[in-house]
Amino acid sequence: MSDVATKRVIPDRLGTKTSRMLASWEVLLFGVAALIFIFNSFASPYFLNAWNLSDATFNFTEKAMIAFAMALLVIAGEIDLSVAAIIALASTAMGAAAQMGIGTPGLVAIGIGTGLLCGAFNGLLVAGLRLPSIVVTIGTMSLFRGISYIVLGDQAYGKYPESFAYFGQGYVAWVFSFEFVLFIGLAIAFAILLHATNFGRQVYVIGNNEFAARFSGIPVERVKFILFLLTGLMAGVAAVCLTSRLGSTRPSIAQGWELEVVTMVVLGGVSILGGAGTIAGVVIAAFVMGLVTFGLGLLNVPGIVMSIFVGLLLIITIAVPIIARRIKEMNR
Amino acid sequence: MNRLLKNREILLVVIIAIMVAGFSTRAPGFASPGNLANIFNDTSILIILALGQMTVILTKSIDLSVAANLAFTGMAVAMTNAAYPDLPLALLIVMAIGIGAFLGAINGFLVWALQIPPIVVTLGTLTIYRGMAFVLSGGGWVNAHQMTPSFLNIPRMPVLGLPILSWIAIVIVLGAWFVLTRLPFGRAAYASGGNPTAAVYAGIDIGWTRFLAFVLSGALAGLSSYLWVSRYAVAYVDIAAGFELDTVAACVIGGISIAGGIGSVAGAVLGSLFLGVIKNALPVIGISPFAQMAISGIVIVLAVVFNARAEKKAGRIILRDRAAPEVSA
């Protein structure tokens with residue numbers, strides 16, 4: 001749809017303009033986060049409390065872990081809608097293993113391993129067979145969660161070893177939970193991977209122009225496969241954290257998270273058409289979404305109404321820069 | 001190309017026939033005309049929604065908000081019926097189609113005027129519309145005893161051996177066939193998905209075509225909302241949750257290319273029937289209904305693999321990539 005619009009703009013100016021807009025995108029988003037923070041602290045007396053804020057981070061840390069990998073995938077021009085289903089399957093696998101008496105290290109390995117396997121399956125279909133990722137992952141989304149339903153039906157797994165609870169309920173120091181520290185660590189790792197390595201450059205090139213990437217000798221298929229593997233890995237890690245936090249597994253676990261993860265990525269300024277985006281943006285977007293849901297929660301707003309705000313946030317944050325650009329063009 | 005598409009539909013018919021034959025060896029009477037009519041009736045709503053989804057997909061877009069649209073509109077219609085039982089049914093149906101079309105128009109407008117990618121728009125409106133259904137109902141249910149008898153019974157009334165619900169689906173199928181193959185809009189829809197650049201040069205307004213496709217999809221979701229609420233005799237926030245994926249799956253199985261521009265009405269109908277037969281067969285042959293999700297997942301993946309091979313043979317992918325840089329839906 002953009003091929004009509006792009007013709008009016010001189011290509012090399014478009015590049016600098018986009019990067020300039022992106023540079024301010026994070027700033028804008030940060031402003032939104034600050035505003036929500038200030039608004040919340042006035043709206044509820046319970047908001048400005050270190051422990052409450054620490055609790056609030058659980059709203060987004062698990063989703064954000066996946067969002068980092070998803071951001072890379074979207075920048076490369078692909079998408080993975082099966083992430084929430086991978087969580088369900090990984091959690092089910094861990095649950096089944098826990099019933100057999102396998103200890104915590106084994107459970108973590110099984111959860112992460114299941115995530116990797118699912119990611120490899122997606123990667124094989126998309127990169128290996130060159131299929132469109134959006135339909136493939138809609139299919140595998142049904143498949144992965146479907147397997148959980150076959151295994152569990154309307155039952156649930158509950159008996160996890162006590163030491164397993166640390167990943168979702170433990171604290172590293174003071175109010176900083178294990179999940180939050182892991183979230184920060186992964187944010188740094190993914191920022192380095194995307195912004196400071198050859199691999200990261202290749203991801204951008206593939207997203208901007210796959211043909212040029214191929215002609216430049218970039219192993220497009222291998223990069224895409226690795227990205228799906230990474231996404232599966234992060235879904236596995238998120239599954240460990242979430243299962244540990246909830247202490248039980250149902251096949252409906254993490255239902256609908258794929259949409260929230262994609263929302264987080266897009267809100268973070270990653271172009272859904274590929275080729276642009278930063279990890280910093282995703283991190284701030286994670287905070288924005290966490291603060292919104294936490295603040296609304298303190299005001300006793302039901303979860304489904306919160307989702308209206310998240311949906312509006314998604315559309316408005318994308319629409320506003322577009323409208324602003326239109327107005328600017330009109331005035332020129 | 002045409003012959004290939006025809007092959008595809010014949011193939012689907014054969015597969016569905018084999019499935020029905022296979023199931024009837026396990027469960028005698030599965031292939032009886034009465035049961036087949038039942039399956040068709042059961043699949044009617046999916047067929048209607050899949051045709052709307054197909055029109056949107058043809059224009060290189062996707063509508064993930066159909067099920068949420070259905071939930072909101074269904075709730076609105078059911079509450080109106082409960083509050084004002086004297087309103088004629090025809091008015092309620094017009095209202096359902098109107099609300100649905102309006103919600104579709106919001107999607108279409110955002111895609112058309114602001115050029116936001118359709119997947120982002122409908123991902124957003126999916127949560128918004130379902131949230132609105134909650135706001136509208138306050139989380140409450142509208143149950144069968146609150147609905148008027150005519151509201152509940154008319155889609156079930158048999159006419160010439162088939163319930164009216166089935167006849168509505170048949171009329172919509174014929175209508176969709178007419179619109180997509182005999183009207184300028186249909187040609188525009190195929191063109192703006194198959195080769196957007198060429199479509200612009202041919203004087204087709206791609207944005208307007210996409211807008212109309214979303215309005216059509218919304219209107220069909222609105223109509224389906226009444227049919228759904230009346231069929232299951234209940235309206236609550238979570239009705240049809242996740243059904244948008246079934247509509248996409250029906251399209252993919254029916255050979256409609258997710259990249260736009262390829263597909264037929266017969267394909268969408270057969271894709272829906274394929275899912276409908278599986279859904280109805282599982283309990284009959286003693287497979288847990290919990291297995292249905294995994295099975296449709298496998299079917300979707302296989303269908304995508306198959307589609308990609310069929311499209312490659314037609315040599316269209318190279319053409320499309322050259323003419324218009326890939327704009328993912």
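**Exercise 1. Helix packing in chain A**

Task: describe how helix H6 (residues 104-128) of chain A packs against helix H12 (residues 220-246) of chain A.

Solution. 
- Start with the geometry of this predicted model. The axes of H6 and H12 of chain A are 7 Å apart, and they meet at an angle of about 150°.
- Classify the angle. Angles over 145 degrees count as roughly antiparallel, so H6(A) is roughly antiparallel to H12(A).
- The crossing of H6(A) past H12(A) is right-handed.
- Finish with composition. The contact of H6(A) with H12(A) holds 15 nonpolar, nine polar and two charged residues.

**Exercise 2. The side of chain A that touches chain B**

Task: state how many residues of each chain are in contact, and which helix of chain A gives the most.

Solution. 
- Count both sides. Chain A brings 42 residues into contact with 47 residues of chain B.
- List the helices of chain A that each supply at least two residues: H1 (3-6), H7 (133-152), H13 (257-267) and H15 (303-331).
- Pick the main contributor. H7(A) gives the most, with 13 residues.
- Sort by class. This side of chain A has 30 nonpolar, 10 polar and two charged residues.

**Exercise 3. The fold of chain B**

Task: decide how the radius of gyration of chain B stands against the globule rule, and describe the chain's overall build.

Solution. 
- Take the secondary structure. Chain B has 14 helices and two strands.
- Apply the rule. For 329 residues the globule rule gives 20 Å, and the radius of gyration of chain B is 20 Å, so chain B is as compact as a globular protein of that length.
- Look at the extents. Along the principal axes, the C-alpha atoms of chain B fill a box of roughly 60 × 50 × 35 Å.
- Check burial. In chain B, 53% of the 329 residues count as buried.
- Check contact range. Of the contacts in chain B between residues at least 6 apart in sequence, 78% join residues at least 24 apart.

Definitions and conventions. Residues are numbered from 1 along each chain as its sequence is written. Chains are lettered from A and ligands numbered from 1 in the order in which they are written. This is a predicted model: local features need pLDDT of at least 70, side-chain atom pairs count only at pLDDT 80 or more; totals for chains, interfaces and linings use all residues. Axes are lines fitted to C-alpha atoms, for helices over the stretch in contact, and angles run from 0 to 180 degrees between N-to-C directions. Helices (H or I, at least four residues) and strands (E, at least two) are DSSP runs, numbered from the N terminus. Angles under 35 degrees count as roughly parallel, over 145 as roughly antiparallel, 65 to 115 as roughly perpendicular and the rest as oblique. A crossing is left-handed if the near helix is turned anticlockwise from the far one by less than a right angle, and right-handed if clockwise. Ala, Val, Leu, Ile, Met, Phe, Trp, Tyr, Cys and Pro count as nonpolar, Asp, Glu, Lys and Arg as charged, and the others, Gly among them, as polar. Two residues are in contact if their C-beta atoms, placed from the backbone, lie within 7 Å. The radius of gyration is taken over C-alpha atoms; the globule rule is 2.2 Å times the number of residues to the power 0.38. A residue is buried if 20 or more other C-beta atoms lie within 10 Å of its own, exposed if 12 or fewer, and partly exposed in between; C-beta atoms are placed from the backbone.
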